[in-house]
Amino acid sequence: MFSANTEKDREEMLKAIGVSSIRDLLKQVPGKYLYPAFDLPETSLDEQQTARRMKALAARNTAPLSFLGAGAYERYIPAAVKALISRGEYLTAYTPYQAEASQGILQTIYEYQSSVCALYAMDCANASMYDGASAFGEAVRAAVRITGKKKILCQETLNPQYLQTLKTYFADSAEYQFVTVPHKDGLVDPEKLSALLSGDTACVAFQTPNFFGLPEDAPGISEMAHKAGALVVTAADPASLGLFAPPGEYSADFAVGEGQSLGLPLSYGGPYLGIFSCKKEYVRQMPGRIAGMTRDKDGKRGFVLTLQAREQHIRRDKAASNICSNEALCALSATIYLALLGPEGLKELALANARAAAFAAGKLSAVKGAALKFKAPFFNEFVLEVGDAARLRERILAKDHIDIGLPLKDLYPALGQGALLVCATETKTEEDILRLEKALRENI
Amino acid sequence: MNDISRSDNRLSMEKSDPGRRGIRFKNTLKAKENVPAGLARKTAPKLPELSEFDVVRHYTKLSKINFSVDTHFYPLGSCTMKYNPRVNEEAAALDGFAGLHPLAHDNAAQGTLEMLYDLEKRLCALTGMDAFTLQPAAGAHSEFTGLLIAKAYFAKKGQDERTEIICPDSAHGTNPATAAMLGFNAINIKSGPDGRVNPDDLKAHLGNKTAVLMLTVPNTLGLFESRIEEIVEMAHKAGALIYMDGANFNALIGLVKPGELGVDIMHINAHKTFSTPHGGGGPGAGGIGVKKHLEEFLPVPRIKKESGTYKTDFSCPDSIGKVKAFFGNVGVLARAYAYLLMHSKKELGGIAENAILNANYMKSRLQEVYPSYSKDHCMHECVLTPPSELTAKGLKTLDIAKRLLDYGFHAPTIYFPLIVHEAIMIEPTETESKETMDAFITAMLEIKREGAADPQLLKDAPHTMPVKRLDEVQAARQPNLRW
Ligand SMILES: Cc1ncc(COP(=O)(O)O)c(C=O)c1O
């Protein structure tokens, strides 16, 4: 379809090769495997038909007014971000193996690493991981490698998707011990944490704001962990860092996050952006690509991929990770997003989220039959009690075209069937929230 | 080192001017945030302060000092740098797809679920595998998923003693790295003199400790494993599974079904075979195809179709679980799906045929000057080596690669596969024209002449890029990784 070869080109090339047909080039493939029957369409679509088919499929996603969060957040994407990342020079390049011909992308990676360090207040960052959960898994792996210990403490209110991914990243041995730190009123119970910390703890791995939307006492948790000789791995929503203390301010050893929050589309789960950062003493334990600044022969500033002795293409089975392709274009998107926001815009973004959620919580908890589950302050999502959350969700989705949020019963049976995780980001207006309030009032 | 010349390559942070603003978020809601004093951020992050125009100009300028498929021939072996059709971009960006939350109710996600379901089905048809998952985010992530499935399979069979993964020495680094990440021992086997797996050597390593034989087909030398039948039979007889690294599937698409070769698990790379853009290093999208006996281990959720409705199914007790938080890189998969829609089964075979034709043309025109590692015809890529006239003068593949940049060509993959000394791995792909390849060939031949006459010209290359050759040693010795 997209081949440029004409019949004449093909003939000329076959002649230059010295064969009479393409079949002659395939003699190394045992004939019985060649050209089997394929159960695929005989005809293809042209471009216009393809565009039409894709549009029709996209339209079958019904796009309700949605209050879902739980690790992926609806964001406003600035027009300049979309315009810049669709430039072919970025879009269609690959990993900058030839640094001199790829200074553009290399400099943007360096700027990305710098922005992540600024945002998380950490020493160094890599060029990206697949998503927040895989970054979290790799960070905990690094903590286990560094300490040589096998006990991992995780908060009970860690995003269950992160916990599942984390366990997958530790499938190499049955020796790891995952210990859950219970919550008290939605937050890590400090007494339980203290009791569970011991000399053989590799790290305390936690998320803030936690799965229920509540910012943890991260400084307190970090201090307790460090006192016990454990490392600290924090997953923090980057959008929350315009208001809340960044991991570096409480000495986290590894800080990761889901960069989707930095202006990436939801796209049913990906491509997202695994943010990965750490203290400088652990730089050689970082997985993945890293860009560094250097000089050229004339002393001029330039950028290269560096510290590659950690990576799979050099170290093979001794590498820090197997990651090769990453999420570079998503990292570029986040870099441009952060450059547009600046420190003020980031704060405004965080405030817009916090206020939208506060407004929603105020309105919704005043609905008869609804109440806030936890008293602790929240960022942009909160748990609401609504009777039968799953049934209510189905009904309001069908009737009012609103997705009211995520029922938590399957993930946290102890919370009961009423628990609903409701999220309001900067994309939600007063009108949107009042529509939700009305729907709840009418259906609860 | 942040004191280096600030003339023309300042960072966004260096262009920052306090008080400048790009985008704003105005608050209209009457509500008060609640940030406990002890949890508030103390110092604002040092992000650049720029106007929207500053940002647009900065990143537009940077884009101009970057080679890409759109702007330059990019024959990076093993990476399949083919043209990325623009209609795919439009399709993936449609609000209905881009705005869909990963935890959306199935009823609100029928379009995406139908697309993923049909994509899985088409991939099964194309590869001859029985079931597919599209959750892995890339090739290496697919290997991780595939080997986890193998691990779960042997655990269920009570064969925990199978702890070894055999990889040929020509394998990509991700193969042994993935094996090690999952607690397997990576066993390296030496390629035979023809660059293919030597069945006798394989036999010596196969046994009741072998879990998986990982094969790349065609392999990283661009060669098909001609004795695949014998190899697969031998491995299966030893009780091992066959994993096929499908990074090079562009050579087989529409020509050969790996399932018929006896492969048990294979991956595809949407960002290679299925024309999704590489994005400066990613995102890609992976996917794993398995045979029936391994289907129960695939990650959750699976997509099911019940009386015309698509459903996400989490009830798979033997599933390996999750490899990332949410479903795969769906935005990338949408592009791959649009690409498949534009190809009939015959046209799919045409992709591989033209890719193979182009690679052999390149090889046949260059090999007299740049000796080919293999004398056989190649599949979709060929591995060449530098002329002895140049190596005798102390010139290396790296020098040739850097000189190619001056001619406006991205260099091929170099120094890989590791078994070829000074490897130059060229993959033109089916979308490049003969005209472009001829220009590349002319440049390669000219570089040979230049190097023979004036080796320093190559050693100092590139001469025309925004920077001269960069000091990688210093970068690694005194890492400067952030502003
Ligand atoms: C042969 C081979 N295997 C595996 C990979 C890894 O794929 P990815 O970069 O998508 O993780 C590559 C990519 O370069 C490859 O060429």
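Predicted model: local features only at pLDDT ≥ 70, side-chain atom pairs only at ≥ 80, totals over all residues.
1. The contact between the two chains draws on 200 residues from chain B and 187 residues from chain A. Chain B and chain A bury about 17100 Å² between them, and 61% of that area lies on carbon and sulfur atoms.

2. As for individual contributions on the chain B side, B:Phe25, B:Arg41 and B:Leu481 supply 5% of the area that chain B buries against chain A, which is more than any other three residues supply.

3. Turning to charged pairs, the rule finds eleven salt bridges across the interface of chain B and chain A. A salt bridge also joins the side chains of B:Glu14 and A:Arg301, with an N to O distance of 2.7 Å.

4. Within chain B, helix 13 (residues 397-406) packs against helix 14 (residues 434-453) at an angle of about 125 degrees, and the two axes lie 10 Å apart. The crossing of helix 13 of chain B past helix 14 of chain B is right-handed.

5. On the helix 13 side of chain B this contact is made by B:Ile400, B:Arg403 and B:Leu404, while helix 14 of chain B brings B:Phe440, B:Ala443, B:Met444, B:Ile447 and B:Glu450. By residue class, the contact of helix 13 of chain B with helix 14 of chain B comprises six nonpolar residues and two charged ones, with no polar residue.

Technical notes:
Residues numbered from 1 in each chain as written. Chains lettered and ligands numbered in written order. Heavy atoms only, no water. Axes fitted to C-alpha atoms, helices over the stretch in contact; angles between N-to-C directions. Helix = DSSP H or I, 4+ residues; strand = E, 2+ residues; numbered from the N terminus. Left-handed = near helix turned anticlockwise from the far one by under 90°. Contact = heavy atoms within 4.5 Å. Nonpolar A, V, L, I, M, F, W, Y, C, P; charged D, E, K, R; others polar. Buried area = accessible area lost by both parts, 1.4 Å probe. Salt bridge = Lys/Arg side-chain N within 4 Å of Asp/Glu carboxyl O.
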